[in-house]
Amino acid sequence: MRLRAKNPEFLRMLSSPETMQQMMSLQQSLLSGNRSTTTVPPEELYATQLLQLEEMGFFDRAENIRALRATNGNVNAAVERLLGSIGQ
């Protein structure tokens, strides 16, 4: 773990908005003690990522949510998916 803590790429990944959002969601579910299958609305779960996509010019919210769900919230992969679907 000590080597990872010094790796700039690892630190950049840990501080990314996507990772922070996922860690916060995990922490909230652990702290609540709620073991049920309660679902968080995608607009809330991917709020940060949706904002990033809109800032990049992707304004179709439903399509953005589909891309984020398919990529587990990975904005870069979602962008590639959205660009691949243009014209289809």
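**Figure legends: overall fold and close-up views**

The protein chain of this predicted model exposes about 6,700 Å², of which carbon and sulfur atoms supply 56%.

View 1. Read from the N terminus, the elements run α-α-α-α-α-α-α. The chain has 88 residues, and buried residues make up 25% of them. Of the contacts between residues at least 6 apart in sequence, 31% join residues at least 24 apart.

**View 2. The largest nonpolar core, a set of 11 residues.** Its members are Tyr 46, Leu 50, Leu 53, Phe 58, Ile 65, Ala 67, Leu 68, Val 75, Ala 78, Val 79 and Leu 82. At least two residues of this core come from each of H5, helix H6 (61-70) and helix H7 (75-85). H7 gives the most, with 4 residues.

**View 3. Ile 65 and its contacts.** Ile 65 is one of the residues of the largest nonpolar core. With neighbours within four places in sequence left aside, Ile 65 is in contact with Pro 42, Glu 43 and Leu 50.

**View 4. Gln 49 in helix H5 (residues 47-55).** Is Gln 49 buried or exposed? Gln 49 has a relative accessible area of 1%, and because buried means under 20%, this residue counts as buried. Beyond its neighbours within four places in sequence, Gln 49 is in contact with Glu 18, Gln 21, Leu 68, Gly 73 and Val 75.

**View 5. A nonpolar surface patch of about 410 Å².** The patch is made by Leu 11, Met 13, Leu 14, Met 20 and Met 23. The largest share, 3 residues, comes from H2.

**View 6. Leu 14 in helix H2.** Leu 14 is one of the residues that make the nonpolar patch.

How values were computed:
Residues numbered from 1 in each chain as written. Predicted model: local features only at pLDDT ≥ 70, side-chain atom pairs only at ≥ 80, totals over all residues. Heavy atoms only, no water. Buried < 20%, exposed > 50% of the residue type's maximum accessible area, 1.4 Å probe, protein only. Contact = heavy atoms within 4.5 Å. Areas by Shrake-Rupley, 256 points an atom, 1.4 Å probe, with all protein chains shown as cover. Patch = residues over 30% accessible without salt bridge, like charges linked within 9 Å, V, L, I, M, F, W, Y side chains within 5 Å. Salt bridge = Lys/Arg side-chain N within 4 Å of Asp/Glu carboxyl O. Core = buried A, V, L, I, M, F, W, Y, C linked by side-chain atoms within 4.5 Å.
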